[in-house]
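Please look over the model shown below.

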Amino acid sequence: MSSELRLVARNLGKRYDLFRKPAAHLVKQFVDVRPAREHWALRNLDLEVARGECIGIVGRNGSGKSTLLSLLAGILKPTTGSVEMRGRVAALLELGAGFHPDFTGRENAYLSAAVFGLSGEEVEKRLPSIEEFAGIGDFIDRPVRQYSSGMYARLAFAVAAHVDADILLVDEILGVGDVRFQQRCAQFIRDFRRRGAVVLVSHSEETVLALCDSAVWLADGVEQARGTPREVMYLYQQSLRRQSGSLEEEFEVAGELTSSAAERWRPAEPETDRPRGLLDFEAEVTPTGSGRIGPCTLSARGEPLRSAKGGEDVLLRIPYSIGQHGCEPIVGFALRDRMGTAVFGADSTEFASGPLDGEAGEVEFGFFLPYLPSGAYTIDVRLVDAASGACLATRPDAVLFQVLSRHISAGMASVAPSAASLVVDGERLVP
């Protein structure tokens, strides 16, 4: 196996023998009994995943996705083929499996980490980080039978995220918890990819497109398609529509639009050469702590916005202070979905000729909220020194709001601020 390959599966298959009478299963242990019929949950699958890769497995219920992960994790023994793993495996298949209901969250964290191969001393060092990641507060010292299903899953994911694994197997668990925890899980998987390999099972197109490099579509235990996440999800969604009878026409995957369609969807030319924002919200930053971002507000028609349908004219207010002399502050924001993907954003360089003046002030961004898929969204705010490039302060979940949309079921949108102004020391400055 190549030093970069973490997982290799060859001709992998799993067959179940089905009998008319349950007693026949016991008899088969001693006598060669022919089953009434055979069911192949998975058949003839090859898979290679290298360090730094995340492959998504998609398909309907019963297609063989969970069987595949169980074979990779060593929970099931393959009927055909082989699996070769290099490194420690963390399998997030059924979160909380093995937790004792009468033990506290802390005690179960010790037990679960021990199953992953950590020593008591290693668990002791990592427990504060596990507690912070799970975010269940004082419930860490209560019996887990008092937990909600979300708290149960949060603790289990937090433990699995701290075992220093080389291979991560994830089975449809990114829907647990609130949007902040989902974003934390998605960011953990992105970070994990830098040092390990990930196999991710999901029904969510949003999750696969946001986290995976490639994807495999399974149906009835057999591979149907393999390729980029967008290509595979297109074929998979077309199949679902065809089976439901909602697809009236067949479309082939096309690399280009027809000339008439291209003309219809060509974006309008910008009226002005607006400068593009300077802040990169995909890059990781470590705040210096010298600056401060105050409580931010998102409003529509003068009222705080908690739930939106899309199309609203909204105003985002961001108070800030740089906390030191000699800085050239830039304030920016990014709106993120539940996977932590930046949908759109802007910063103060888009309407100001340069860095902001003054050591403290308030930036207002006005924009039309696009039509977004239903769900929870957060607004990530940053304060950066243009001179040094240092991040003075960040507020990852400055605003949380819900979208209830009847206009769009998937995808993203992008808008530019329709208006912006700067308030310094109580005085509004016109751009």
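## Helix α4

Which residues of α4 are buried? They are V123, R126, L127, I130, F133 and A134. The model is a predicted one. An α-helix has 3.6 residues a turn, so residues three or four places apart point the same way.

The axis is kinked by about 45° at R126, shortly before the proline P128. R126 is also among the buried residues. Just after α4 comes G135, with a positive phi of about 65°.

## Helix α5

How many of the 12 residues of α5 are buried? The count is 10, so α5 is largely enclosed by the rest of the structure. The buried residues are G150, M151, A153, R154, L155, A156, F157, A158, V159 and A160. They pack against the strand β5 (89–92) and against α3, α4 and α6.

The length of α5 agrees with expectation. Its 12 residues should span 16 Å at 1.5 Å a residue, and the end C-alpha atoms are 17 Å apart.

## The cavity

Rolling a probe the size of a water molecule over the atoms shows where empty space is left. A search of the whole structure gives 1 cavity of 30 Å³ or more. The largest cavity holds about 40 Å³ of space.

Which residues line the largest cavity? The lining consists of A160, A161, H162, V163, D164, A165, F188, F192 and R195. By class, 6 are nonpolar, 1 is polar and 2 are charged.

Most residues other than glycine have a negative phi, and most peptide bonds are trans. D164 has a positive phi, near 55°. This residue sits in the loop between α5 and β6 (167–171). D164 is partly exposed, with a relative accessible area of 45%.

Is D220 buried or exposed? D220 is exposed, because its relative accessible area is 67%, and the cut-off for exposed is over 50%.

How values were computed. Residues numbered from 1 in each chain as written. Predicted model: local features only at pLDDT ≥ 70, side-chain atom pairs only at ≥ 80, totals over all residues. Heavy atoms only, no water. Bend = angle between axes of the 7 residues up to and from the residue. Helix = DSSP H or I, 4+ residues; strand = E, 2+ residues; numbered from the N terminus. Buried < 20%, exposed > 50% of the residue type's maximum accessible area, 1.4 Å probe, protein only. 1 Å grid on protein atoms, 1.4 Å probe; cavity = no way out; pocket = protein on both sides within 12 Å on 5 of 7 lines; lining within 4 Å. Points joined across faces, edges and corners; volume = space filled by probe spheres on them. Nonpolar A, V, L, I, M, F, W, Y, C, P; charged D, E, K, R; others polar. Expected span 1.5 Å × (residues − 1). Contact = heavy atoms within 4.5 Å.
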